[in-house]
Amino acid sequence: MSKKVRVAIIGVGNCASSLIQGVEYYRNASREDRVPGLMHVDLGGYHISDIEFSAAFDIDREKVGYDLGEAIFRGQNNTVVFAKVGKLGVPVHRGMTHDGLGKYLSEVIVKAPGPTADIVKILKETKTDVVVNYLPVGSEAATKWYTEQILEAGCAMVNCMPVFIAREDYWRKRFEEHKLPIIGDDIKSQVGSTIIHRVLTRLFQERGVELEHTYQLNFGGNTDFLNMLERERLVSKKISKTNSVLSQLQHPMDKDDVHIGPSDYVPWLKDRKWAHIRMEGKAFGDVPLTVDLKLEVHDSPNSAGIVIDAVRCCKLGLDRGLGGALEGPASYFMKSPPFQVSDERAHELTGAFIAGRVAAACISDPEETVAPRQVNLGGNGLATGAPQRDATPVGSES
Ligand SMILES: NC(=O)c1ccc[n+]([C@@H]2O[C@H](COP(=O)([O-])OP(=O)(O)OC[C@H]3O[C@@H](n4cnc5c(N)ncnc54)[C@H](O)[C@@H]3O)[C@@H](O)[C@H]2O)c1
């Protein structure tokens, strides 16, 4: 077993910058200590410093051809700089554009000249273990194209964005057939608007408060938010965020009572994201109860610590010869995993996976009788919960 986790990046944007900075920042973190900002210094025998960047792909002329350690501070990237990163000896190769650049990104990004690099060859030659997909929201064709390259090259995948791969039967089976692990889809940040809204939704549910109306309005000043001004591109993002919250409820809600999604682009916020969450419910005696909160975060570092853990879980999957979705870790790390459970249960399942107590399919495994939450908003096509393989009644998870 190699003691290194060789990671390739698709999309050298703000999230990639935070991930790469984070690996540098925590390089000397003590395995024994509790380190603020991290969930695991050591994960299944892999220290953060065991993560090595092996290859990178982008299409921006400001990034392609540059060393990855430089490219993360170029172009439109505007996330906070918290670590010095020198040259990594990893060039950014020209990727395949497909639908990567939408209406707004193509106004600020100029495509690099030259042909698409041979992705499969590069991934093989660099002995890449895990590929992280950081493409812009709406890159449906590009994500599927890159996924084929990843499968052909024999790498595991962490899908950080909301084009559904790990959640879909078709793609999950392809990863099973190739005996390659995948964790997806759409990263759930460390403490972001999704997990806060999910936990509060479950709290309402468990304490008997009827949630009647809710919204979550998000805005920021990075290219992720600029891109999402194009409403047609963010359908899957809205589905991913909405389902993630509603999966914590046992009763359906009318689609007009739920509004969750990216809302605007405010350039001066740069990589900061503000989220306003409002929840209106009915409590004891049918009297009204309201939660109204605002979250302010730096968007990209908020997801990087999760990806640091997700790539190491994928490497554990490779070491153990597992193929398909790593369901426990996916339920903890992702907004749209193959199966939705509570965050508490997802945390337990991830711990059990890391410790080697359960295999990949730890949720659908009959011995681990965890039922997915059933959410059905009935025919509006917006929020229908995660796909379900198990008809176990709601509430019977152990
Ligand atoms: N907390 C978070 O920041 C968070 C949470 C959940 C999901 N995500 C998702 O992660 C993804 C990445 O976010 P980001 O903030 O880094 O975005 P970003 O806009 O900063 O970076 C995207 C990068 O992809 C590149 N790109 C575009 N098309 C490409 C192609 N076809 N091939 C290769 N590269 C291409 C762009 O040039 C850019 O460098 C987004 O889809 C975002 O929604 C982020």
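I note here that the model is predicted.

I next asked which residues come nearest to the ligand. Of the 37 residues around the ligand, these are G11, G13, G95, G100 and M161.

I then looked up where the shell comes from. Domain 1 (5–189 + 301–354) and domain 2 (193–299) each contribute at least three residues to the shell around the ligand. At the level of elements, I recorded α1 (14–25), β4 (51–58), α8 (223–227) and α10 as each supplying at least two residues of this shell. The largest share, four residues, comes from α10.

Helix α10 spans residues 299–319 and lies across β9, β11 and β12. I noted its direction as about 90° to β12.

I turned to the sheet itself. It is open, has four strands in the order β10-β9-β11-β12, and its pairing is mixed. Strands β10 (258–265) and β12 (288–298) are at the edges with a single partner strand each, so one side of each has no neighbour in the sheet. From one strand to the next, I read an average twist of 10°.

Within the sheet, I examined the pairing of β9 (residues 210–220) with β10: the two run parallel and are joined by seven bridges. Here L217 stands opposite G261 in β10.

Key
Residues are numbered from 1 along each chain as its sequence is written. This is a predicted model: local features need pLDDT of at least 70, side-chain atom pairs count only at pLDDT 80 or more; totals for chains, interfaces and linings use all residues. Two strands pair if DSSP finds at least two bridges between them. Axes are lines fitted to C-alpha atoms, for helices over the stretch in contact, and angles run from 0 to 180 degrees between N-to-C directions. Two residues are in contact if their C-beta atoms, placed from the backbone, lie within 7 Å. A residue is near a molecule or strand if its C-beta atom, placed from the backbone, lies within 6 Å of it. Domain bounds come from an automatic or database domain assignment.
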